[in-house]
Each structure stands twice: as structure tokens, then as C-alpha cells.
2 protein chains.
Amino acid sequence: MLSFNGFAAVDGIPIYIQIVRFVKRNIVSGVTVNGDEAPSRRVLSALLGVNPNTVQKAYRILEEEGLLSSHTGAKSYIEVKPESVARIRRELLEDAAATVVKDLKEMGLTKEDALALIETHWT
Amino acid sequence: MLSFNGFAAVDGIPIYIQIVRFVKRNIVSGVTVNGDEAPSRRVLSALLGVNPNTVQKAYRILEEEGLLSSHTGAKSYIEVKPESVARIRRELLEDAAATVVKDLKEMGLTKEDALALIETHWT
DNA sequence: CCAACTGTATTATATCAGTAATACGCTTTG
DNA sequence: CAAAGCGTATTACTGATATAATACAGTTGG
């Protein structure tokens with residue numbers, strides 16, 4: 001079962017986007033694998049304290065990206081094809097790297113400053 | 001004059017928040033210093049292609065944080081007290097570091113993976 | 001079988017970000 | 001002084017996010 005342990009919503013970013021990202025990251029990390037059962041819309045919405053429609057919005061995006069298989073009446077399952085993982089992994093890493101590099105450079109940090117910062121903040 | 005060269009808005013995050021962050025980062029980096037003239041609401045809004053009210057929202061926040069001095073009819077100026085810089089610097093760095101560490105760990109990266117990623121993406 | 005659960009759809013409402021148009025009073029500059 | 005530019009305020013509108021209440025059809029387990 002796909003677990004949402006460790007999911008902590010940040011405000012300012014739409015919840016459904018955060019759900020999508022969380023699932024993608026867990027696929028990339030290998031925590032979530034092909035065939036994993038996804039919690040139902042109703043169950044997850046109750047767990048996260050959001051509306052079922054918000055979860056549905058996230059699930060629909062995952063389905064459109066070929067990462068989730070849904071059929072009326074039946075449970076939903078994570079669907080991970082190897083090529084998807086490579087694509088998503090590249091996508092997420094590029095994005096995270098580009099963002100942090102842009103942010104830290106804008107603050108005038110050198111590469112060494114940046115590396116040291118990550119080093120000391122890695123828990 | 002406070003320059004917005006290098007400002008590139010990302011979608012998904014409110015523009016006024018991005019303006020505030022951009023100014024703060026430029027203060028932290030020393031590019032923007034005490035007494036720098038800020039572009040008027042109308043000029044900056046035209047430059048960024050957004051509504052004057054959006055810029056006003058950002059400027060109001062900067063003013064409330066003691067980083068901008070505005071008076072009806074007159075130009076606005078950046079107001080940087082040394083203690084502000086230290087505070088903002090700490091604030092922004094902690095935030096950037098915490099975010100990237102959280103993101104990369106969620107994708108299953110080790111500290112070494114993360115450092116290598118930053119290293120190769122630093123331009 | 002059938003009740004419980006599933007995915008899916010619809011409609012209504014509230015809030016917020018951002019746009020748009022306009023107005024007013026103050027400061028600065030030629 | 002007067003015009004241009006400035007900060008500030010107000011109102012109305014759109015679109016996106018999210019909630020809420022239902023409803024319906026398909027699947028599944030006891």
C-alpha cells in the first residue's frame with residue numbers, strides 16, 4: 001500500500017500538486033513500486049484532512065501521466081514502467097537542482113558556499 | 001537604482017512573493033544597498049508585465065518588514081539596517097537549505113548524490 | 001447475493017491571486 | 001507655478017483552489 005507517512009503539506013502550493021510530487025518522489029526513490037495499491041480517494045482525503053475532490057484531482061494527473069491505474073468501482077494501483085521512472089527522475093532532479101542553484105546564486109553564494117550549506121544541513 | 005535584471009517569474013508561485021524574495025536576495029548578496037532607489041509601482045509593473053497592484057502588494061510587504069521606505073508622492077528607497085541583513089540572510093539560507101534537503105532526500109538521494117548534483121548543475 | 005466500498009460526476013459556494021480601471025493627494029522638476 | 005510622476009485607495013472582475021453535498025455505476029468480500 002502506497003504510504004503517505006512523511007507527507008507534510010506546505011501552504012502556498014496547491015495540495016493536489018504536493019500529492020502528485022510526493023507520489024512521484026516516492027516512485028523515484030523506489031519506496032513505491034509497480035502494483036502498489038493506492039489509498040482510495042475517500043480514505044486519503046480523510047487522512048490528509050482535505051476534500052475527496054482534491055485527492056481526485058491529484059490522482060487524475062497521476063493517471064494522465066501513466067503512473068496510476070484506475071477503474072470505476074475497483075481499487076487504484078500504482079503503475080510504474082521502467083521508462084517512466086527514468087523520465088520522472090530526470091525531471092525532478094533537474095528541477096530541484098535548477099531551483100536551488102538559482103536561489104543560492106541570487107543570494108551571492110559561491111559553489112563552495114552552496115556545497116557547504118547543503119553539507120551542514122543534511123540530516 | 002534597484003535592478004530587476006535576472007528576475008524571471010516562475011508560475012505556480014504568486015508574483016508578489018517572487019518580487020519580495022528577489023529583493024531580499026539582492027539585499028543579502030549586497031547587490032542592493034541602503035538608499036537604493038526602487039522603481040516606481042507603475043514602472044516596475046510595466047517592466048514585469050504585471051498589474052501595478054501586484055507590485056504594490058510586494059512593496060507593502062517589504063515596507064512592513066522595514067526594507068523599503070515609501071511616502072506618498074515621493075520615490076521609494078531601499079532601507080537596509082545591518083541587523084536586517086543578518087536576519088534575512090539567515091532566514092533565506094535556512095529556508096533554501098531545508099527545502100532542497102527535504103526534496104532530495106524524498107527522492108532517495110544520499111548526501112553525496114546531492115552534493116554531486118549541485119556541483120554539476122552550478123553554472 | 002448484497003452491502004460496503006470503489007471511482008466518477010455534478011453543482012454550488014468561498015476564498016484568494018491577479019487583472020483592470022480609476023481616482024485622489026502629495027512631491028518633484030522644469 | 002504647473003505638469004508630470006509618485007504612492008495610495010477603491011471597486012469590480014476573472015480564474016484557480018478547495019470545500020461541500022450528492023448522486024450513480026461498477027467491484028468485491030463476507
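Of the DNA strand C atoms within 4 Å of the protein, 63% are sugar or phosphate atoms, and the rest come from bases. This is a predicted model, in which local features need pLDDT of at least 70 and side-chain atom pairs count only at pLDDT 80 or more, while totals for chains, interfaces and linings use all residues. Residues are numbered from 1 along each chain as its sequence is written, chains are lettered from A in the order in which they are written, and side-chain values use heavy atoms, with hydrogens and water left out.

In total, 25 residues surround DNA strand C, a residue being near if one of its heavy atoms lies within 4 Å of the strand. The closest are Arg41(A), Arg60(A), Pro14(B), Ile15(B) and Thr54(B). Sorted by class, this surface has seven nonpolar, 13 polar and five charged residues; here Ala, Val, Leu, Ile, Met, Phe, Trp, Tyr, Cys and Pro count as nonpolar, Asp, Glu, Lys and Arg as charged, and the others, Gly among them, as polar.

A side-chain N or O atom of Asn53(B) sits 2.7 Å from a base nitrogen, and a polar backbone atom of Asn51(B) lies 3.1 Å from a phosphate oxygen. For Gly73(B), a polar backbone atom is 3.5 Å from a sugar or linking oxygen. Polar contacts like these are pairs of N or O atoms within 3.5 Å. Elements giving two or more residues to the surface are helices H2 (41-48) and H3 (52-64) of chain A, plus H1 (15-28) and H3 (52-64) of chain B; helices are DSSP runs of H or I with at least four residues.

Methods:
Polar contact = N/O pair within 3.5 Å; in protein donor to acceptor, adjacent residues only side chain to side chain.
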